[in-house]
Amino acid sequence: MLPDIERKVLRILYNFANNHGRMPELAELETKSGSNQESLKQALSGLREKGYIMGNKLSEVKIIEPWPREKKEETKTYINPWIE
């Protein structure tokens, strides 16, 4: 699961690129997200580290995965040691 800010930034990047044919500038991203530049830079860095986006400059960002990954449910199997 992604933190809220990273999920929000990923959705903004995806929608903005599809609607405008380019990535938003940092000021546009700041306006759309309602976050400051420092938190946006941290969110972009987090998305890059987790493999959702790639690229060093915001204008060169390529989206690898446009949707947050689902958290897989862990199934715990109980094995009774007294039954063969």
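Guide: The expected span of a helix is 1.5 Å times one less than its number of residues; helices (H or I, at least four residues) and strands (E, at least two) are DSSP runs numbered from the N terminus. This is a predicted model, with local features needing pLDDT of at least 70, side-chain atom pairs pLDDT 80 or more, and totals for chains, interfaces and linings using all residues. Residues are numbered from 1 along each chain, and side-chain values use heavy atoms, without hydrogens and water.

Visitor: What makes the reach of helix 1 close to the expected one?

Guide: Helix 1, residues 4-20, has 17 residues and reaches 24 Å from first C-alpha to last, against 24 Å expected. Gly21 follows helix 1 with a positive phi, near 75 degrees.

Visitor: Which residues of helix 1 are buried?

Guide: Glu6, Val9, Leu10, Arg11, Ile12, Leu13 and Phe16 (buried is under 20% relative accessible area, exposed over 50%, partly exposed in between; 1.4 Å probe, protein chains only). Their cover includes helix 2, helix 3, strand 1 (53-54) and strand 2 (62-63).

Visitor: Why are helix 1 and helix 2 called oblique to each other?

Guide: They pack at about 120 degrees, axes 11 Å apart. Under 35 degrees counts as roughly parallel, over 145 as roughly antiparallel, 65 to 115 as roughly perpendicular and the rest as oblique; helix 1 and helix 2 are therefore oblique. Lys8, Val9, Ile12, Leu13 and Phe16 of helix 1 contact (heavy atoms within 4.5 Å) Glu28, Leu29, Lys32 and Ser33 of helix 2.

Visitor: What makes helix 2 roughly perpendicular to helix 3?

Guide: The axes of helix 2 (residues 26-33) and helix 3 (residues 37-49) come within 10 Å and cross at roughly 100 degrees, so helix 2 is roughly perpendicular to helix 3. Leu26, Leu29, Glu30 and Ser33 in helix 2 meet Gln37, Leu40, Lys41 and Leu44 in helix 3.

Notes
Axes are lines fitted to C-alpha atoms, for helices over the stretch in contact, and angles run from 0 to 180 degrees between N-to-C directions.
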